[in-house]
Amino acid sequence: MAYLSVEALSKAYRRNEVIRDLSFEVERGEFLVVFGPSGAGKTVLLRLIAGMVLPDRGRVVLGGADITRDAPDRRDIGMAFQNFALYPHMTAYENIASPLRSRGMARAELDGRVHGAANLLRIDHVITHLPKALSNGQKQRTALARALVGEPSMLLLDDPLRNVDAKVRYEMRLELPRLLRARDTTVIYVTQDYKEAMALGDRIAVLGDGRFTQIGSPETIYNRPADSRIARLFGDPPINLLDARRDGAAELRVASNSVALPVRRSNTVASDCVLGVRPEDVAVSLEPVAGAVPVEIDAVTPLNDRQVMLLRADDGTEIFASRPQSEQIEPSAGNAHDGIGRGRRRAWATLDIERAHFFETRTGARLAEPALRPELAR
Ligand SMILES: Nc1ncnc2c1ncn2[C@@H]1O[C@H](COP(=O)(O)OP(=O)(O)OP(=O)(O)O)[C@@H](O)[C@H]1O
């Protein structure tokens, strides 16, 4: 049986239906990431589960018990927020101890628990400091220690790494799963950062319009996004979404060019569709290639170990490509005779249609497709 069951939960503020008839389950020890853009209702969802906000309809069941109407401090749930929410007049020690004090815990046990949590999060040396004397990373660790100190069976983390610098964020991305798995804690973790969602989640739930538009493993969400909106949220640079039209038996018309439609996809596309091609699935050549889209290289920028290129087809369609640095395509070695703008370069973009995603033009929903050949799945 699932550890947490959320059943047909709804919450509106005036006419704004923030959470709509939402149902899902989380297994004990699972790390579920709730991912969605700003204003999607992620914080409201956590507050509903924590009991800080009461739903209009629906139930929250934890460990088999209906806790929908229980006060927050009667739920076996810890919570940490993106803005840390530390008490400014209390030291880090007192902040961490605060959930235990309200339980009336004996002093020696409380002291042991606070030091244990501080030790785990490597903030023992600043435990006597007030929040104003802590760095953002230390504040965030203090807030996490406070959420963990009561050893709750369920932890709700509301974008806890949003306000810390990149170094702390990377450290915590690596540390958090280890820290939490060791305790078999069930976690719901909110973020707007798709890389964080992919790095941390056993499953990712994508929140949009008050519902989960998709819930699945990071691999499923990336490789089989349920719609074009989700496809666009996962990836940097974002997936190319190109208007396409069936052109005869075996071709697609994309960016005013014909590209071959693989046989196994020929039943997928009846007339028009949106073709989703990840930038890493766009090959770029400086020599003409059959079936490729002629483009100009508008801009090139390095991104980690890759080169990101903004390409522009002759009809104005923009296409992102992301290639290994080793391919070393120089952006501005333009030939005088290639007839295009100064500093630009003519190139040919080959879209890997075997790996492409097909979406319905009107709704953006993923079009049914045959299973990927194993060697193409990743
Ligand atoms: N107490 C409230 N009164 C009225 N509206 C509210 C209240 N709390 C939240 N909302 C509304 O609910 C919607 C969702 O807010 P929420 O804070 O859950 O978004 P979020 O997904 O957590 O965004 P972010 O990632 O920016 O924190 C917003 O439109 C917000 O204005």
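1. The UniProt record, an unreviewed entry, lists "domain: ABC transporter" for residues 4–234. In this model, which is predicted, that span is 35% helix and 26% strand.

2. H2 against H3. Two packed helices are described by the angle between their axes and the distance between the axes. For helix H2 (residues 92–101) and helix H3 (residues 107–120), the axes come within 10 Å and cross at roughly 125°. H2 passes H3 in a right-handed crossing. On the H2 side the contact is made by Tyr-93, Ile-96, Ala-97 and Leu-100, and on the H3 side by Leu-110, Arg-113, Val-114, Ala-117 and Ala-118. Eight residues of this H2 with H3 contact are nonpolar and one is charged, with no polar residues.

3. H3 against H4. Helix H4 (residues 136–149) packs with H3 at an angle of about 135°, and their axes are 9 Å apart. H3 and H4 are therefore oblique to each other, and H3 passes H4 in a right-handed crossing. From H3, the contact uses Arg-113, Val-114, Ala-117 and Ala-118; from H4, it uses Ala-145, Leu-148 and Val-149. The classes in the contact of H3 with H4 are six nonpolar, no polar and one charged.

4. H2 against H4. How are H2 and H4 oriented to each other? They pack at an angle of about 25°, with axes 8 Å apart, and H2 and H4 are therefore roughly parallel to each other. Their crossing is right-handed. H2 brings Ala-92, Asn-95, Ile-96, Ser-98, Pro-99 and Leu-100 to the contact, while H4 brings Thr-142, Ala-145, Arg-146 and Val-149. The residues of the contact of H2 with H4 divide into six nonpolar, three polar and one charged. For anyone tracing side chains, Ile-96 and Leu-100 of H2 are listed in this contact and also in the contact with H3. Likewise, Ala-145 and Val-149 of H4 are listed here and in the contact with H3.

5. A positive phi. Please take a look at Arg-122, in the loop between H3 and H4. Phi of Arg-122 is near 55°, a positive value in a residue other than glycine.

6. A cis peptide bond. One more backbone detail for your list: Asp-236 and Pro-237 are joined by a cis peptide bond, with omega about -5°. Where is Pro-237 found? Pro-237 is in the loop between helix H8 (228–233) and strand E11 (240–246).

Definitions and conventions
Residues numbered from 1 in each chain as written. Predicted model: local features only at pLDDT ≥ 70, side-chain atom pairs only at ≥ 80, totals over all residues. UniProt positions renumbered as here; feature names shortened; annotations may be inferred. Helix = DSSP H or I, 4+ residues; strand = E, 2+ residues; numbered from the N terminus. Axes fitted to C-alpha atoms, helices over the stretch in contact; angles between N-to-C directions. Left-handed = near helix turned anticlockwise from the far one by under 90°. Contact = placed C-beta atoms within 7 Å. Nonpolar A, V, L, I, M, F, W, Y, C, P; charged D, E, K, R; others polar. Parallel < 35°, antiparallel > 145°, perpendicular 65-115°, else oblique.
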